[in-house]
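I am opening this entry to record what I looked up, chain by chain.

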Amino acid sequence: MSFAIQALTRSLNVFHLAGSACNNCDIEILDALTPKYDIERFGMTLVGSIRHADLILLSGVFNKKAAERLKILYDQAPKPILVIAVGGCPATGIIFRGSYNCDAPPSDYLPIDAFVPGCPPKPEAIISGVIKVIGRLRSGEARPAYENLASGGHYR
Amino acid sequence: MNRDDTIERIREALGKRLLDFERKTSSRIFLEVAPDTVPDVSRLMFEEIEARLQTASGVDTRDAIEILYHWALDRLDCVVTVRTRLDRHNPEIESITPVCVAAEWVEREMWELLGIRFRNHPDLRHLLLDDDWPAGKFPLRRDYEEG
Amino acid sequence: MSDVWTITQFLVFPGLVFTAAAGLLTSWLDRKVTAWVQMRVGPPLAQPFYDIAKLMIKETCVPANGSIGLFLFAPLLGFAAMALASTILWRALIDPETAFVGDLIVLLYLLAMPALGVILGSFASRNPLASLGGSREVKLMIAYELPLVLAVIVPVIQVGSIRLGDILAAPAAVASPSGVLALLVAATCMQAKLSSVPFDMPEAETELSGGAYIEYSGPPLAMFKLTRAMMLFTMPVFLVVVFLGGTVGSGTWESAAAGVGTWLLLIVLMVVIRNTTPRVRIDQAVRFFWGPVTLVALVAAGLAWIGW
């Protein structure tokens, strides 16, 4: 396991990115950041700026407007970067699938490392998803993303 | 002034232009007027009665496109809803933004989703939809077809 | 030979490496006490080291329109100044003979450099939120530097010298009423200097999305974090040296224990205040520092002047 993966998995800065969500998943993500679940013992902290982010938590169905901003923000995040889609909306769109304002779910244009299903998923499920990503990184099964969308890199 | 007096005052001011009146509960009053009367009613509610425009909602019923203006009389703890019906094939009405500036964004949303044209609106452009949304397609109409 | 020795002292002990490591351990202590206050477990001991290592492997994003040179230089400014300040301080502590006249003033200037680095970096970021954070840092710095200098003058008046070696040989300033007042003022200014709640508005996390540091990523951000950690370690040491003077300067085990104990007390006090107070507005902070705090500092200086 390389030094980079060691360092990355032991100190993840979590950035919460909500794209036209109904806010239920946002509330559950906020719950996961409270002292009761204490993600700081895993080395994870919440950050406010995309430039400090290592792990982007997506929530909400990204409609046409939000999808543009999501692509820009993804490019602004310093690589290597991990993305986790929280809830059913960023995975498939669930009830908003095929709606007039939603084109494609984020998994069509972003490399996503894990999907945490639920509407909304419990904080335990969100933490479990992050731990699974950490496990796959450490065992070498998965790699974080190293390229921006604009430069042509899509799937690694 | 209490609730009943205020309602009487509104009814007197409107006179014959009040097409329908319904008091569903003691604090929910529904008035119906013709589209041309809407600016006068809004001026009456906003400036004389000093009500607050809570919001305005647009509905596409099968017969017509309706707009409901919900005026909250906070001090009297009741809401007066003014309803007007527009022609489905050419929905057009005078904007009440010159009277009550709070209506500006609500009318933008009603225009882009239901296709109601507001005359004399200061800034009628897209609010929720993308700026390059195809013109003439209004998603919340009953006959909206995808694609 | 002595030049090589001095450079080694600057780079390794008691300079860069020692202060950086001690600073990171102090920041772990800060996070652990915070976790204890919030009734949770908190990070493992090596966590701050992992944080710095992780930042070193991230890419450095530079703003497109900003001044790239200034953007990348700003973190180095505070970093180098902190290493130098720590070297001077610890050299005076370990061997008071090496202290020179005026080193207290040099220390005060060097300890103000990290804030300058933050200000320069925030304005080089070409980001409105960053410039808001930077302008708040400027105002805060103007606010707390004044009472801090006034408080540090108290032991200077009592000892009659601005040389750290003399202060370390004289009786403790806190033995007198003016010294106690001055220590209280200096501890309050330390809270603002370390950007701790209630005075962390320059980098208000939820309000400004990281404020002054919003555009920084990768190794430059690591340098900023290291500078903050070194500041967290060095400021209480500075206060202990200046206000406890002879009590810690005598080289015995008791003096070392007194020094470490006071240092721990200052750190824990800072962390507990950090976790139990809300953030104040910048105008409230400026009024606070230029009002009551400066008044108490002036009273302390006056008391020291008349011999109390």
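**Entry 1: a hairpin in chain B**

I looked up Ser57(B) first. Its bridge partner in E4(B) is Leu68(B). The model is predicted, so I noted its limits: local features need pLDDT of at least 70, side-chain atom pairs count only at pLDDT 80 or more, and totals for chains, interfaces and linings use all residues. Residues are numbered from 1 along each chain as its sequence is written, while chains are lettered from A and ligands numbered from 1 in the order in which they are written.

Helices (H or I, at least four residues) and strands (E, at least two) are DSSP runs, numbered from the N terminus. Strand E3 (residues 52-60) and strand E4 (residues 65-73) of chain B pair in the antiparallel sense, over eight bridges. Pairing here requires at least two DSSP bridges between the strands. Four residues make the hairpin that joins E3(B) to E4(B).

**Entry 2: the sheet around it**

Next I asked in what order the strands of the open sheet run. The order is E1-E2-E5-E4-E3 in chain B, five strands with mixed pairing. Strand E1 (18-25) and E3 of chain B are the edge strands, each pairing on one side only. Neighbouring strands are turned by 20° against each other on average, direction ignored. For angles, axes are lines fitted to C-alpha atoms, for helices over the stretch in contact, and values run from 0 to 180 degrees between N-to-C directions.

I then checked the parallel part. Strand E2 (residues 28-33) and strand E5 (residues 78-86) of chain B run parallel and are joined by five bridges. Leu31(B) stands opposite Val82(B) in E5(B).

Two helices meet this sheet. Helix H2 (residues 38-48) of chain B packs on the sheet and touches E2, E3, E4 and E5 of chain B. Its direction makes about 170° with that of E5(B). Helix H3 (residues 103-114) of chain B lies across E3 and E4 of chain B, at about 5° to E3(B). Contact means C-beta atoms, placed from the backbone, within 7 Å.

**Entry 3: Phe138(B)**

I found Phe138(B) in the segment after strand E7 (117-119) of chain B. Is Phe138(B) buried or exposed? Phe138(B) has 21 C-beta neighbours inside 10 Å, so it counts as buried. The cut-offs are 20 or more other C-beta atoms within 10 Å for buried, 12 or fewer for exposed, and partly exposed in between, with C-beta atoms placed from the backbone.

Leaving aside neighbours within four places in sequence, Phe138(B) is in contact with Leu113(B), Leu114(B), Gly115(B) and Tyr144(B).

**Entry 4: which chains meet**

Two pairs of chains are in contact, and chains A and C share the most contacts. Chains B and C do not touch; their nearest C-alpha atoms are 25 Å apart.

The A–C contact takes 26 residues from chain C and 17 residues from chain A. H3(C) gives the largest share of the chain C side, five residues. By class, that side has 11 nonpolar, eight polar and seven charged residues. Ala, Val, Leu, Ile, Met, Phe, Trp, Tyr, Cys and Pro count as nonpolar, Asp, Glu, Lys and Arg as charged, and the others, Gly among them, as polar.

**Entry 5: helix H3 of chain C**

I went back to H3(C), residues 47-56. Gln47(C), Pro48(C), Tyr50(C), Asp51(C), Lys54(C) and Leu55(C) are buried there. They cover an arc of only 155° around the axis, which puts them on the same side of H3(C). The arc is that of the directions from the helix axis to the C-beta atoms. Their cover includes helix H1 (3-10) of chain A, along with helix H2 (16-37) and helix H10 (219-244) of chain C.

**Entry 6: chains A and C overall**

Chain C has 13 helices and zero strands. Its radius of gyration is 19 Å, close to the 19 Å that the globule rule gives for 308 residues, so chain C is as compact as a globular protein of that length. The radius is taken over C-alpha atoms, and the rule is 2.2 Å times the number of residues to the power 0.38. In chain C, 50% of the 308 residues count as buried.

Chain A has five helices and five strands. Along the sequence I read α-β-α-β-β-α-β-α-β-α. Of its 156 residues, 46% count as buried.
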